[in-house]
Amino acid sequence: MVSGVNMLNTHLFVHGSFSLCKYDLRGNLESKISTNEDPNQWVLMSVKFTTLTCNRFIFWSGRMDDTRMMMQTTKDNNTGPKFYFHSAMAINKEETRLYCCPTKNSYDISQFDFIDNEWKLIKDLEHISNCTVLQIKLSEDSSSLLGTISNGFCIWDLSSDGTKVLHLPHGVRNITINMMQSNSCMLSADKRFLVAGVRKMLYVWNMETELLIKVLDAHFGRIISLLPLTTGNWNSVITSSIDRSVKVWNINNIFEQVHVIDRHELQIDSISLSHSGLAATVTRGCVGIWDINTGRLIQQLADNLLGAIVTQALITPDGKYIVCSESGNLLIWNRILCRVIFKQQQPGIQQIMLLDDATKCLTVSKQEEINLETQQNIDATAIVRSIPDGKTIYLFDYQVRNVTGMEFKELVVTADGLNLIALASDKGHREALHIFNASNGEYVTKIVLKQSGMKLLNCVLPLPSHSWSHILVVCRSAQFGLLFQVSVVRSCDWESYNVQCQQREKCTDLINYSQVATCINECKNEAWDNCLQSIWNISVNDTRYSAIPKRNKRQPGKTTGSKSRSNMCKTKNNNYNSLDTCKQYCPYRYCNCNSMQDIMFIVAMPHRANLVAVINPDKGMLFDIRTKKFLKSVPKWGGFCTKDGKYGLYAPTRGGLELLELKKGSSVKTFIPRVAEGVFTVICMFNKTDEYVLYYHSGKKTLRVFRLTDAKMLANYRVPAELSAIETTEDGRAVVIATVDGCLTVLAIADPNKNSFLSALPSRDETWKKKMDKQRTAKLFKAAAAITKFCVSVNEPNLKEEVGNSINSSQLIHSSKILSKG
């Protein structure tokens with residue numbers, strides 16, 4: 001395993017733990033050298049070559065709890081004696097002066113010079129008591145030695161022998177990243193300030209007063225490297241972080257006023273918007289309440305401040321209540337009082353949905369016991385409660401498929417609000433739509449999902465004598481085959497196959513041609529000899545194919561006997577509907593064309609209450625819940641549609657965006673042409689008013705906005721971090737996005753064809769601050785009135801009973817504190 005590399009102008013040195021390889025610049029191995037040290041005691045840690053005859057090798061014990069190290073120095077092919085030290089070491093650019101900890105069980109720093117081919121002690125630096133040295137390094141001009149200790153940083157002035165210790169805030173510590181590596185620090189050009197990067201923060205000390213004077217939130221990930229840039233007129237520091245960003249900080253301007261942008265410490269998982277300009281965000285540790293007009297994080301709600309695990313949260317349209325799931329409990333918060341007014345245990349909550357104008361809430365949970373992993377189906381429980389008292393109105397159970405890694409399929413409510421539709425498990429591996437009454441939770445009916453095309457396709461077989469020019473598609477519901485001609489396009493895009501039906505004998509079934517192309521893809525890499533020429537008796541260009549005995553090359557030495565057409569795919573129970581049994585008893589290759597594709601989610605059509613769509617990766621299928629019939633399938637539809645149900649979106653993960661007409665299932669507009677961009681996460685949706693289409697591409701990290709009428713792109717916004725959630729406001733004028741760095745961003749859609757509302761935003765209104773001050777004054781007056789009323793009620797005993805019935809003192813005090821904060 002490679003441990004490190006070192007490069008000269010003429011050679012490259014690559015070393016592992018016990019050996020070193022020497023390469024020329026063309027990559028040719030010239031020599032391989034093994035270390036002479038005992039591998040059980042010393043491991044090669046680093047190698048530094050200044051010339052081919054001058055080098056130094058540093059060995060260490062190989063264990064982080066044993067900080068012993070040894071260095072071998074060679075000058076002009078003369079190897080000096082071994083030099084032992086521990087914990088930390090720094091050497092100047094000329095390789096002539098060394099600083100390290102030479103004494104065992106002591107962190108005192110000593111200076112050594114390379115004299116007469118060996119390191120000789122020159123002096124000991126000033127002792128620092130009660131500290132553990134993790135790392136030392138020289139400043140840019142080698143005039144100071146910068147040390148990292150467990151609770152701060154230590155600076156030795158090498159010219160005056162002065163020493164200063166700068167301490168980190170309480171609760172913040174430096175840690176060892178690797179041997180001789182920890183958090184770094186640097187001195188400004190004028191040596192007035194010391195800047196250090198710890199965790200994701202930048203700490204700035206005044207060297208004269210030794211006080212911490214500035215703390216900057218530099219990154220949203222841990223800082224992994226900090227380097228000075230103090231040459232010439234530069235007085236800067238460069239930081240890099242595991243958030244994949246590099247930042248340059250100007251120390252001359254580091255004390256200017258900082259305008260803090262509110263954000264969460266953790267990733268935002270979901271967003272819920274109210275009609276009153278508030279947004280509720282879900283992170284793992286809390287529920288955040290934001291004012292989307294000002295961008296302020298108003299509140300952070302968590303019932304358990306230390307160990308809360310929040311998974312779901314919704315805010316009511318009026319912004320008064322918040323329904324969330326936290327640590328296996330369902331909570332209803334009063335947002336104004338910041339108090340939990342209802343709490344009930346319900347572990348494993350997968351979905352929360354508001355019903356009947358947010359007067360009710362539906363929560364769906366499923367079992368999460370460990371021993372359920374082997375079960376094919378598990379129970380899911382849906383409970384409808386009233387808001388805000390949390391009273392249970394009804395509940396019902398249904399079964400869902402238990403597949404590891406498969407996301408939960410959420411319930412939907414029909415457009416008229418009368419029915420709840422759940423995707424439940426049915427007999428075998430099938431799934432069905434279960435319909436429940438939304439007013440009392442009673443079971444109404446179910447619709448068994450029989451996907452058009454996929455359920456009829458038994459297998460796809462290539463005809464070898466025609467060199468992939470023909471394939472045979474065998475249907476399950478009838479004893480016949482369909483012959484197709486395939487024009488092969490040599491591309492990775494298998495949807496480019498042009499499949500045309502050349503022969504349709506007695507075929508009344510519907511065949512999904514895109515599914516045929518998928519089967520071709522699966523059969524492509526199989527050897528021709530492993531494929532059956534034909535199951536059914538059929539002639540192609542005067543060549544007759546039939547099911548004849550042939551050697552099964554998947555099981556060498558075994559000869560398969562002929563089977564009649566009537567017994568080809570029969571099971572023991574004379575049932576033709578089991579593909580698994582057909583694969584088991586049939587000697588020929590069957591691909592997975594017939595397998596039921598996983599359903600991603602279901603959609604209640606917004607324009608007709610009796611329609612529901614089942615979405616899978618290839619298409620969407622419309623069902624009528626009143627007649628319990630399958631209506632039609634819409635190829636390529638991803639599940640998003642306009643409120644009138646006319647248009648949908650098709651956005652493959654490989655790139656491209658098209659507008660589909662759901663009635664005909666055809667593409668009517670192209671927003672983004674199909675371009676192979678790689679497989680990335682794609683989020684596309686309509687805004688709430690169906691005027692614009694939003695498209696996010698995780699590879700480019702851009703959010704594009706298109707006008708629906710003419711497919712013109714209005715905006716191409718690059719998000720600062722990966723997008724984790726997105727919503728649009730009810731008026732359709734703004735887009736609210738959340739990213740993995742915990743930030744919430746509100747973007748206004750500036751359409752040149754519409755009257756701009758940007759002038760009405762708080763950031764563009766010069767009188768907005770005065771309006772906010774006026775509102776705050778009114779709140780303070782109300783708070784003062786509430787406190788006065790409470791004091792009067794306490795002083796008048798005859799009013800105690802009345803006050804007890806109308807005012808809760810603790811709630812009043814709590815609300816007054818909130819109002820006093822504005």
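Over the ring of which residue does the charged end of K75 sit? The charged end of K75 sits over the ring of F114, 5.8 Å from the ring's centre. A charge counts as sitting over a ring if NZ of Lys or CZ of Arg is within 6 Å of the ring centre and within 35 degrees of the ring normal. The charged end of R68 is placed over the ring of W42, at 5.2 Å from its centre.

This is a predicted model, in which local features need pLDDT of at least 70 and side-chain atom pairs count only at pLDDT 80 or more, while totals for chains, interfaces and linings use all residues. Residues are numbered from 1 along each chain as its sequence is written, and side-chain values use heavy atoms, with hydrogens and water left out.

## Aromatic rings

A pair of aromatic rings is described by the distance of the centres and the angle of the planes. Rings of Phe, Tyr and Trp (its six-membered ring) pair if their centres lie within 6.5 Å; planes under 30 degrees apart count as stacked, over 60 as edge-to-face and the rest as tilted. The whole structure holds 16 aromatic pairs by this search. In one of them, F114 and W119, the centres are 5.0 Å apart and the planes stand at 65 degrees, so the pair is edge-to-face. F114 and W119 are both buried, where buried means under 20% relative accessible area, exposed over 50% and partly exposed in between (1.4 Å probe, protein chains only).

Y394 and F396 make a stacked pair, with 6.4 Å from centre to centre and 20 degrees between the planes. Y394 has 7% relative accessibility and therefore counts as buried. F396 is buried too, with a relative accessible area of 5%. Y394 and F396 belong to one aromatic cluster with Y398, F436 and Y443.

## Strands and hairpins

Strands of a sheet pair through backbone hydrogen bonds, either parallel or antiparallel. Helices (H or I, at least four residues) and strands (E, at least two) are DSSP runs, numbered from the N terminus. Two strands pair if DSSP finds at least two bridges between them.

| Strand | Partner strand | Bridges | Residue and its partner |
|---|---|---|---|
| β3 (residues 19–24) | β4 (residues 29–34) | five | K22 and S31 |
| β49 (residues 611–615) | β50 (residues 619–624) | five | V614 and M621 |

The hairpin of β52 and β53 has six residues between its strands, and G655 in the turn has a positive phi of about 120 degrees.

β49 and β50 are part of an open sheet of four strands, ordered β48-β49-β50-β51 with antiparallel pairing. β48 (601–604) and β51 (629–635) stand at the edges with a single partner strand each, so one side of each is left without a neighbour in the sheet. On average, neighbouring strands of this sheet are turned by 25 degrees against each other, direction ignored. For such angles, axes are lines fitted to C-alpha atoms, for helices over the stretch in contact, and angles run from 0 to 180 degrees between N-to-C directions.

H11 lies in strand β2 (residues 11–15). H11 is buried, with a relative accessible area of 11%. The side chain of H11 makes a polar contact of 3.1 Å with the side chain of E30. A polar contact is a pair of N or O atoms within 3.5 Å; within protein, one must be able to donate a hydrogen and the other to accept it, and residues adjacent in sequence count only if both atoms are side-chain atoms. Contact in general means heavy atoms within 4.5 Å. Apart from neighbours within four places in sequence, H11 is in contact with N6, K22, Y23, D24, L25, E30 and L52.

D751 is in the loop between β61 (744–748) and α3 (768–795). D751 counts as buried at 9% relative accessibility. Not counting residues up to four places away in sequence, D751 touches Y692, R707 and L714. The side chains of D751 and R707 make a polar contact at 2.8 Å. D751 and R707 are 44 residues apart along the chain, and their C-alpha atoms are separated by 8.5 Å.

R704 is found in strand β57 (residues 702–707). R704 counts as buried at 9% relative accessibility. Beyond residues up to four places away in sequence, R704 touches several residues, including I672, V693, Y695 and M713.
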